[in-house]
Amino acid sequence: MKREDIEKVLAELGELKCKTQKDVEDARVRFLGKKGEITALFDEFRTFDKEMKAEFGRTLNELKQTAQARIEELKATIGEGEVSEGPKHDLTMPGDPLELGSRHPVSIVRQEIVDIFRKFGYDVAEGPEVEDDYHVFEALNFPPNHPARDMQDTFFVSTGHPNPLLLRTHTSSVQVRAMENMHVPIRVICPGRVFRNEAISARAHCIFHQVEGLYIDENVTFADLKQAILLFAREMFGPETEIRMRPSYFPFTEPSAEVDVSCNICHGKGCNICKGTGWLEILGCGMVDPNVLEASGIDSKKYSGFAFGMGLERIAMLKWRVNDLRHYFENDMRFLKEFDTAVEV
Ligand code: PHE
């Protein structure tokens with residue numbers, strides 16, 4: 001045995017690196033086990049004479065103590081968690097999925113209608129939901145105390161004022177603003193939320209959505225109105241769709257009509273959706289009353305126009321055969337999730 005043998009083992013101990021408890025145990029066996037390097041040195045030591053024993057005894061004992069201390073230290077500092085080999089976490093595990101929302105059926109229908117009229121060259125206009133009496137009624141040929149105001153039960157925000165604030169009952173108010181601010185020819189559609197003081201039921205709600213349209217130019221006739229509605233109905237409900245017009249009344253249009261489309265469910269045979277008639281009512285329309293044009297400063301001798309308006313919830317109900325309007329407002333996930341795929345069809 002030489003001094004160098006002992007120094008070599010000491011150096012090995014100094015460089016010893018263990019990652020797991022198993023590495024520590026292997027190191028213990030390597031140095032201190034029955035056939036370990038230090039044990040071997042002791043075996044050799046036993047064969048020494050007195051003189052040699054005196055020379056090596058202390059150093060060898062110190063070596064053994066150093067080795068034991070190092071092994072103990074490693075045992076204590078390497079945590080239990082690191083006993084297993086490989087990374088602590090399973091990096092191949094799938095993550096928690098992020099649930100994506102879907103578009104609301106009313107938004108889907110609004111976008112479809114807006115896209116159709118954009119193709120026809122209409123602009124999109126928006127206006128305030130809290131409006132004044134003038135833009136919702138007065139400028140649309142509803143004089144104060146006119147009985148026609150009863151058609152639309154109104155939520156007033158302020159009263160006792162000649163021009164009270166109220167929640168708009170239709171987006172025709174945006175058409176008035178368009179006539180005030182745009183130059184003729186005007187082609188505009190006005191999507192938006194409207195409010196009426198109505199009892200909530202399967203067929204009515206106090207909040208709903210409309211798209212209204214306005215077309216003003218020289219020589220616009222009822223034939224133009226009919227053609228525009230027919231084209232729209234075929235884009236919206238399919239190329240086979242027919243329309244029919246029934247006389248109606250609105251203070252702001254003269255003549256006025258309600259428009260039905262042929263039932264796209266029974267194709268005119270009669271079913272419970274169209275209540276056996278083969279027709280579904282979708283919108284109101286008419287030629288803009290000259291009084292309305294004049295109120296917004298448009299020369300009614302030179303210009304004429306048509307207007308129309310439809311309820312989005314109703315169109316969505318027909319499109320997806322929803323039987324209760326209240327579903328649109330309750331935000332039940334089971335209902336809302338049905339639609340984004342439906343729109344692809
Ligand atoms: N403003 C009407 C309503 O809310 C709809 C309509 C618009 C009718 C334009 C005719 C012309 O019911």
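Colleague: Does Asp260 count as buried or exposed?
Modeller: This is a predicted model, in which local features need pLDDT of at least 70, side-chain atom pairs count only at pLDDT 80 or more, and totals for chains, interfaces and linings use all residues. Residues are numbered from 1 along each chain as its sequence is written, while side-chain values use heavy atoms, with hydrogens and water left out. Buried means under 20% relative accessible area, exposed over 50%, and partly exposed in between (1.4 Å probe, protein chains only). Because its relative accessibility is 2%, Asp260 counts as buried.

Colleague: Which residue forms a salt bridge with Asp260?
Modeller: A salt bridge is a side-chain nitrogen of Lys or Arg within 4 Å of a carboxyl oxygen of Asp or Glu. Helices (H or I, at least four residues) and strands (E, at least two) are DSSP runs, numbered from the N terminus. The closest N and O atoms of Asp260 and Arg246 are 2.8 Å apart. The pair links distant parts of the chain, 14 residues apart, since Asp260 lies in strand S7 and the following residue in strand S6 (residues 243-250): Arg246.

Colleague: How many residues apart in sequence are the parts that Glu235 and Lys119 tie together?
Modeller: Glu235 and Lys119 form a salt bridge, with their closest N and O atoms 3.0 Å apart. Glu235 belongs to helix H8 and Lys119 to helix H5 (residues 105-119), so the parts tied together are separated in sequence by 116 residues.

Colleague: Why are Arg58 and Glu62 separated by about one helical turn?
Modeller: The side chains of Arg58 and Glu62 meet in a salt bridge at 3.7 Å, N to O. An α-helix has 3.6 residues a turn, so residues three or four places apart point the same way. Arg58 and Glu62 are about one helical turn apart because, within helix H4 (residues 50-77), their spacing is four residues.

Colleague: How many residues of helix H7 are buried?
Modeller: The buried residues of H7 are Ser172, Ser173, Val174, Gln175, Val176, Ala178 and Met179. They pack (contact means heavy atoms within 4.5 Å) against elements including strand S4 (186-195), strand S5 (207-218) and helix H9 (290-295). Helix H7 (residues 172-181) is therefore largely enclosed by the rest of the structure, the buried count among its 10 residues being seven.

Colleague: What is omega for the peptide bond that joins Val184 and Pro185?
Modeller: Most residues other than glycine have a negative phi, and most peptide bonds are trans. Pro185 is found in the loop between H7 and S4. The bond joining Val184 and Pro185 is cis, with omega about 0°.

Colleague: What is omega for the peptide bond from Glu254 to Pro255?
Modeller: Pro255 has its place in strand S7 (residues 253-262). The bond from Glu254 to Pro255 is cis, and its omega is near -5°.

Colleague: What is phi of Asn219?
Modeller: Asn219 sits in the loop between S5 and helix H8 (222-237). With 65% relative accessibility, Asn219 counts as exposed. Its phi is positive in a residue other than glycine, and the value is near 60°.

Colleague: What separation lies between the C-alpha atoms of Met333 and Ala27?
Modeller: Met333 lies in helix H12 (residues 333-336). Because its relative accessibility is 49%, Met333 counts as partly exposed. Met333 and Ala27 are 306 residues apart along the chain, and their C-alpha atoms are separated by 61 Å.
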